[in-house]
Amino acid sequence: MSRPEHQAPPEVFYNEDEARKYTQNSRMIDIQVKMSERAIELLALPDDEPRLLLDLGCGSGLSGSVLEDQGHVWVGIDISTAMLDVAQEREVEGDLLLGDLGHGLPFRAGAFDGAVSISALQWLCNADRTSYNPTKRLYKFFSSLYSCLSRSARAVFQFYPENSDQMELVTSQAMKAGFYGGIVVDFPNSTKAKKFFLVLMTGGAAPLPKALGDASETEGVSYTNKREQLKKMRGKPLKKSRDWILEKKERRRKQGKPTRQDTKYTGRKRSGRF
Ligand SMILES: C[S@@+](CC[C@H](N)C(=O)[O-])C[C@H]1O[C@@H](n2cnc3c(N)ncnc32)[C@H](O)[C@@H]1O
């Protein structure tokens with residue numbers, strides 16, 4: 001089957017039907033969440049400090065939810081109204097913007113402490129209109145991203161490059177915009193688990209983070225589980241527990257967002273009967 005970005009422009013491909021999959025297809029949701037967790041790990045943020053982050057091509061807000069679960073505040077931008085509608089339905093905490101990354105980012109210089117992007121970057125390598133020049137669009141995007149990040153911030157993109165030319169294209173435009181970094185390939189020997197992460201750094205040249213294992217390790221290595229264990233060790237409440245929900249509601253209140261009152265029922269397990 002042809003790649004999604006060859007079928008239609010993103011704002012057309014990500015219509016209501018496609019967007020619905022991001023709430024209903026558990027396999028898809030699981031993959032998005034795992035890739036988001038790995039991207040955040042590659043951001044190498046200081047422990048236990050909430051940061052202001054960008055989610056580029058934030059779509060239905062699955063990746064954003066992972067950011068907020070880890071205590072961060074985020075702003076998301078996406079070109080598809082259907083995907084953003086789903087994000088709103090899911091009541092994500094992040095602020096959502098409708099926009100085309102290829103037009104550049106409309107943010108104040110140095111405003112963000114980092115950025116993640118899950119499965120969106122390959123779309124920018126496509127010329128969906130005759131007037132589109134992918135090289136120019138990528139450069140515009142990366143240079144605006146560079147300027148809205150604080151110095152020492154990183155941006156991590158999980159993406160699906162079509163070939164080595166595309167990897168070269170995105171990397172060269174990012175470097176031209178001022179970034180350091182390169183591509184980290186997790187599980188390079190596994191057809192299924194292989195994942196590409198473009199890791200961009202602002203504060204000068206630094207070694208790239210280590211990639212995760214090879215095919216033989218994929219079954220034994222679970223960075224999600226490792227993260228959960230670390231989280232428990234640091235005394236953070238487990239996801240979906242009453243404490244976790246109370247913390248999340250408190251964060252929403254601090255952000256001035258409408259939030260239901262806490263009651264004795266908050267976070268209580270449902271019986272499954274209606
Ligand atoms: C695979 S989805 C990402 C899903 C997202 N991480 C989530 O949690 O739902 C890719 C997203 O990239 C967005 N996208 C593609 N090209 C874009 C562009 N030029 N500007 C902004 N968003 C774009 C699409 O609309 C889509 O929502």
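A residue counts as near a molecule or strand if its C-beta atom, placed from the backbone, lies within 6 Å of it. Keep that in mind as we set off through this predicted model, where local features need pLDDT of at least 70, side-chain atom pairs count only at pLDDT 80 or more, and totals for chains, interfaces and linings use all residues. Residues are numbered from 1 along each chain as its sequence is written.

**Stop one: the ligand.** Select the 23 residues around the ligand; Gly57, Gly59, Leu62, Ala120 and Trp123 come nearest.

**Stop two: the sheet.** Now show the strands (DSSP runs of E, at least two residues; helices are runs of H or I, at least four; both are numbered from the N terminus). You will find seven in an open, mixed sheet, ordered S3-S2-S1-S4-S5-S7-S6. Strands S3 (95–98) and S6 (180–186) each have a single partner strand, so one side of each is left without a neighbour in the sheet. Strands pair if DSSP finds at least two bridges between them. Next, pick S5 (residues 149–159) and S7 (residues 195–201): they run antiparallel, joined by six bridges. One to click on links Ala155 with Leu200 in S7.

**Stop three: a loop.** Finish at Ala206, in the loop between S7 and helix H9 (223–233).
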